[in-house]
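Dear colleague,

I am writing to hand over the structure below, together with a short account of what was found in it. Please read the account with the structure open beside it.

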Amino acid sequence: MEKQAQNGFTLLEVIVAISILMFGILAVASMQSASIQGNDLSISLTEGTTLAADRIEKLVDLPYTHADLAETAGPPHTAATTSPFTAYTVTWTVEDDSPITDTKTVMVTVSWTEHGNPKSITLPRIIPRII
């Protein structure tokens with residue numbers, strides 16, 4: 001009697017194929033986790049930058065001699081802000097006659113904690129005295 005050719009896969013081939021598939025799925029899962037963490041940082045950084053820009057706009061609209069634009073020799077001016085994701089602290093320092101006379105250099109810093117690590121962003125702005 002003739003032996004007929006058998007079609008199909010052996011058990012070993014199936015185990016190897018499933019192992020390769022599992023490694024691929026695990027790699028995709030780890031990339032997904034890294035992507036989610038990156039998106040989380042991106043949200044916080046965007047909110048921090050927006051808060052700093054908003055504070056600069058508010059300070060620019062103030063009169064040149066306003067108390068919030070007084071030179072800070074000691075601790076900086078502070079405003080606390082919260083969002084659904086993070087608690088932010090907005091601080092700013094003011095330096096008179098810098099870089100030239102009749103200007104104020106304002107440095108707005110937004111600070112927060114991301115997964116136990118302190119993060120911050122600082123935006124500078126020069127405000128001229130308009131006569």
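Predicted model: local features only at pLDDT ≥ 70, side-chain atom pairs only at ≥ 80, totals over all residues.

The model contains an open sheet of 4 strands, in the order β1-β2-β3-β4, with antiparallel pairing. Its edge strands are β1 and β4, each of which pairs on one side only. On average, neighbouring strands of this sheet are turned by 20° against each other, direction ignored.

Strands β2 and β3 pair in the antiparallel sense over 8 bridges. Within this pairing, threonine 105 of β3 is the bridge partner of glutamate 95, and threonine 109 of β3 is the bridge partner of threonine 91. The two strands form a hairpin with 6 residues between them, and aspartate 97 in the turn has a positive phi of about 50°.

Strands β3 and β4 also run antiparallel and are joined by 12 bridges. Here proline 128 of β4 is the bridge partner of threonine 103. The hairpin of β3 and β4 has 2 residues between the strands, and histidine 115 takes a positive phi near 55° in it.

Strand β3 deserves a separate remark. Because 9 of its 12 residues are buried, β3 is largely enclosed by the rest of the structure.

The helix

Helix α1 comprises residues 11-61, which makes 51 residues. From its first C-alpha to its last it reaches 75 Å, close to the 75 Å expected at 1.5 Å a residue.

Which residues of α1 are buried? They are Ser44, Gly48, Leu51, Ala52, Arg55, Ile56 and Leu59. An α-helix has 3.6 residues a turn, so residues three or four places apart point the same way. The buried residues of α1 pack against β1 (77-82), β2 (87-96), β3 (103-114) and β4 (117-128). As for orientation, the direction of α1 makes about 155° with that of β3.

Histidine 77

Histidine 77 has its place in strand β1. Its side chain reaches the backbone oxygen of alanine 70 at 3.3 Å. Leaving aside residues up to four places away in sequence, histidine 77 touches Ala67, Asp68, Ala70, Thr72, Val90, Thr91, Trp92 and Val94. Among these contacts, Thr91 is also the residue whose bridge partner in β3 is threonine 109.

With kind regards

Note on methods
Residues numbered from 1 in each chain as written. Heavy atoms only, no water. Expected span 1.5 Å × (residues − 1). Buried < 20%, exposed > 50% of the residue type's maximum accessible area, 1.4 Å probe, protein only. Contact = heavy atoms within 4.5 Å. Pairing = 2+ DSSP bridges. Polar contact = N/O pair within 3.5 Å; in protein donor to acceptor, adjacent residues only side chain to side chain. Axes fitted to C-alpha atoms, helices over the stretch in contact; angles between N-to-C directions.
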